[in-house]
Amino acid sequence: MDFHEIAFVVAVYVLAGAIKGIVGIGLPIVSISLLSQILDPRLAISLTLVPLITTNVWQCIRVGGILPTVRQLMPYALALMFFIYVSAQFAHGVSASAILLIMGVSVVLFTLVNLFVVPPPLPPAWDRPVQVIAGAASGIMGGITSIWGPPIIVYLLARRTMKDAFLRATGVLLTVGCIPMIISYWRAGHFDGEVAAASTLMVLPAVAGFQLGERLRDRLDAGTFRRIVLLLFLIVGMNLVRRGLTI
């Protein structure tokens, strides 16, 4: 990559980290979607793995109270990890255009759900089986695109999860999902030493952006910012669909 491409990549991780610092989600959606404009989708995914797990661990530490959340979400986490690992084995043979198309459709659906749909409340008696179903859906989506957040958000909205609990849950589930992704991409040769080193370097701009986002979180109108971010996701997702259909 030349200087301008490196500067673009660094700026993407600062932006992605800032959005995650403000709303608790969005780093892989922003970074992979934007980086896929200039890089192969699998390389974009690989570069995001270390910043993703680092910022999620940081989020868990900052919010605290993680162990009860882990126990509560264990069915979701186990299903997520299993299906990410399994689906990622098949995804390595998928074409770049198909990955872009699936990623774009996932981002568009995620955005539309968050903008216009409020899931019905989830009865407590259904929580465990719904966790397994949502975890499987997250894992299949994540194994192919490395974006497994949309089903998590729908599940937490159905649980009527409050702000701090939302940050804990997303931090935990996004962190555990990184483990099978890294193993799968390493075994397939997409996450070798050179890529791992470059991904590790991207932790610095991602964490810097995350800290900036945390400072801005209480100063911004959260509702307005959330709508702006979602509209940005919608535009990015539609462009990914266009590229997937035309590449």
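Okay, hi everyone. Because the model is predicted, local features need pLDDT of at least 70 and side-chain atom pairs count only at pLDDT 80 or more, while totals for chains, interfaces and linings use all residues. Residues are numbered from 1 along each chain as its sequence is written, and side-chain values use heavy atoms, with hydrogens and water left out.

Let's start with the rings. Tyr76 and Tyr155 make a tilted pair, 5.5 Å centre to centre with 55° between the planes. That pair links distant parts of the chain: Tyr76 sits in helix H5 (residues 74–91) and Tyr155 in helix H8 (residues 149–158), 79 residues apart. By helix I mean a DSSP run of H or I with at least four residues, numbered from the N terminus.

So, are these tyrosines buried or exposed? Tyr76 is buried at 0% relative accessibility, and Tyr155 is buried too, at 3%. The cut-offs: buried is under 20% relative accessible area, exposed is over 50%, and partly exposed is in between, using a 1.4 Å probe and protein chains only.

Next pair: Phe82 and Phe83. Their ring centres are 5.1 Å apart and their planes are at 90°, so this one is edge-to-face. Phe83 is partly exposed, at 28%.

Now on to Thr170, in helix H9 (residues 163–187). Thr170 is buried, with a relative accessible area of 1%. What does its side chain reach at 2.9 Å? That's the backbone oxygen of Phe166. The backbone oxygen of Leu167 lies 3.2 Å from a polar atom of the Thr170 side chain. Leaving aside neighbours within four places in sequence, Thr170 is in contact (heavy atoms within 4.5 Å) with residues including Gly24, Asn56, Gln59 and Ile152.

Last stop, two helices. Packed helices are described by the angle between their axes and the distance between the axes. Helix H3 (residues 41–63) and helix H10 (residues 193–201) pack at about 55°, with axes 7 Å apart. Axes are lines fitted to C-alpha atoms over the stretch in contact, and angles run from 0 to 180 degrees between N-to-C directions. Among the residues that meet there are Leu47 and Val50 in H3, and Val195 and Ala198 in H10.

Methods: Rings of Phe, Tyr and Trp (its six-membered ring) pair if their centres lie within 6.5 Å; planes under 30 degrees apart count as stacked, over 60 as edge-to-face and the rest as tilted. Helices (H or I, at least four residues) and strands (E, at least two) are DSSP runs, numbered from the N terminus. A polar contact is a pair of N or O atoms within 3.5 Å; within protein, one must be able to donate a hydrogen and the other to accept it, and residues adjacent in sequence count only if both atoms are side-chain atoms.
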